[in-house]
Structures are given as C-alpha cells and as structure tokens.
Amino acid sequence: MKYITATSDMAGAIHNVLQTTIQTIYPKYYPREVVDFFCRLHSKEHIADGISSGNMGVLVDEHIIMGTGCFDNNHITGVYVLPPYQKRGCGSHIMNFLENEISKKYDTAVLDASLPAACLYEHRGYKTVGHGIYELENEVKLVYEIMAKDLK
C-alpha cells in the first residue's frame, strides 16, 4: 500500500472513491440534502482542480485506488476511503502523508470534519476549535467540526 500524487488519468477512479464513499457512509449520519450537497461538491471539476494543484493523492495497492486525500496550505480538504477498505489503516496512512507534507511549512493542520470522521481525527490528536453550520435547501443544515492539530 502506498500513497502517491494523483494524476489526471486517475480522475475517474478518484471520482468513484468520493461518490461511492459519500453515498454509502453519509446517509447514516446526514439527511439526503447533505449527501446530495457533498456529491455535487466533489464533482469531476473539483477533482481536476485538486489534481492540478499537486496536493491531491491516492492510496493504491496492487493498482487499486482505495482512497484519496487532498490539502490546501495547512487545510486538509478531504480524506475518503472506499467502504471495503475502511477500518484497515487506510485513512491513517493518508493522514500521515498529508500531515507530513503540511508540517514542512506549517506548525498546525486544520480540517473540517464530517460527523463520520470526527472520531478518527480525535484519535489522531485533533481538537475541536469550532463548529461550522452550512445552510442548505429545505432549511437543512450541514453541521461539522472545525478541528486543528499541532504538528510540532
């Protein structure tokens, strides 16, 4: 298992990781409007932007893309692992890489944690520093944790 920088030929597989994970896991925590919001957010255009930034990577094992991660400055903008590979250390492997890259320039990593991922981040030493609320259609609110970790 290794984490490598994403390339444009991986965009379809990354899109599959994002959409499959969101549609499988998020309905257990969020209403349909939130699930749909995340699916729209993680569009093919969004993935292309992440790849072109050079800050998006994929976790691969024997040519299978199991997960993906991305960061912007010191902000981890996404970590997704396909459901069959969850609870096997894949998310931790991705986070180790992202935190290492961020620590080269910053003392602190910041992320917006979805409800399904907040415990994973707490176990990695992240602390909640705020709460975010994003208002969606039908008066539905997306609630998330703003978390930070000292990397030094």
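His42 sits in the loop between H2 and H3. The model is predicted. His42 has a relative accessibility of 5%, so this residue counts as buried.

- The side chain of His42 has a polar contact with the side chain of Tyr80, at 3.1 Å.
- A polar contact of 3.3 Å links the side chain of His42 to the side chain of His46.
- Beyond four places in sequence, His42 is in contact with His15, Leu18, Gln19, Ile22, Ile47 and Tyr80.
- Ser43 is in the loop between H2 and H3.
- Ser43 counts as buried because its relative accessibility is 19%, and the cut-off for buried is under 20%.
- The side chain of Ser43 pairs with the side chain of Glu45 in a polar contact of 3.2 Å.

- Helix H2 spans 32-41.
- Its buried residues are Glu33, Val34, Val35, Phe37, Phe38 and Cys39.
- The cover over these buried residues of H2 includes H1, E4, strand E6 (127-135) and E7.
- The largest nonpolar core holds 48 residues.
- Ile14, Tyr26, Phe38, Ile76, Leu111, Tyr121 and Tyr126 touch the most other members of that core.

**The largest pocket**

- The volume of the largest pocket is about 1,100 Å³.
- Its lining has 39 residues.
- Tyr26, Val79, Ser114, Ala117 and Tyr121 lie nearest the centre of the largest pocket.
- The lining of the largest pocket takes at least two residues from each of helix H1 (11-25), H2, strand E4 (75-81), H4, E5, helix H5 (118-123) and strand E7 (141-150).
- E4 provides the largest share of that lining, seven residues.
- By type, the lining of the largest pocket has 24 nonpolar, 11 polar and four charged residues.

**The second largest pocket**

- The second largest pocket has about 200 Å³ of volume.
- It is lined by 17 residues, and His46, Gly50, Met56, Cys70 and Thr77 are the closest to its centre.
- Helix H3 (44-53), strand E3 (64-72) and E4 each give two or more residues to the lining of the second largest pocket.
- E3 contributes the most to this lining, with five residues.
- The lining of the second largest pocket divides into six nonpolar, nine polar and two charged residues.
- E4 supplies residues to the lining of the largest pocket and to that of the second largest pocket.
- His46 lies among the residues closest to the centre of the second largest pocket, and its side chain makes the 3.3 Å polar contact with His42.

**Tyr106**

- Tyr106 is in the loop between helix H4 (90-103) and strand E5 (108-113).
- Its relative accessible area is 28%, so Tyr106 is partly exposed.
- Leaving out residues up to four places away in sequence, Tyr106 touches Asn73, Asn74, Leu151 and Lys152.
- The side chains of Tyr106 and Asn73 make a polar contact of 3.2 Å.
- Tyr106 and Tyr26 are 80 residues apart in sequence, and their C-alpha atoms are 31 Å apart.

**Positive phi**

- Most residues other than glycine have a negative phi.
- Asn73 is not a glycine, yet its phi is positive, about 60 degrees.
- Asn73 is in the loop between E3 and E4.
- Asn73 has 46% relative accessibility and therefore counts as partly exposed.
- His63 also has a positive phi, near 70 degrees.
- His63 is in the loop between strand E2 (56-61) and E3.
- With 83% relative accessibility, His63 counts as exposed.

Methods: Residues are numbered from 1 along each chain as its sequence is written. Side-chain values use heavy atoms; hydrogens and water are left out. A nonpolar core is a set of buried Ala, Val, Leu, Ile, Met, Phe, Trp, Tyr and Cys residues joined through side-chain atoms within 4.5 Å. Buried means under 20% relative accessible area, exposed over 50%, partly exposed in between (1.4 Å probe, protein chains only). Helices (H or I, at least four residues) and strands (E, at least two) are DSSP runs, numbered from the N terminus. Contact means heavy atoms within 4.5 Å. A polar contact is a pair of N or O atoms within 3.5 Å; within protein, one must be able to donate a hydrogen and the other to accept it, and residues adjacent in sequence count only if both atoms are side-chain atoms. On a 1 Å grid over the protein atoms alone, a cavity is a set of points where a 1.4 Å probe fits but cannot get out, and a pocket is an open set with protein on both sides within 12 Å along at least five of seven lines; lining residues have an atom within 4 Å of a point. Grid points are joined across faces, edges and corners, and a volume is the space filled by probe spheres set on the points. Ala, Val, Leu, Ile, Met, Phe, Trp, Tyr, Cys and Pro count as nonpolar, Asp, Glu, Lys and Arg as charged, and the others, Gly among them, as polar.
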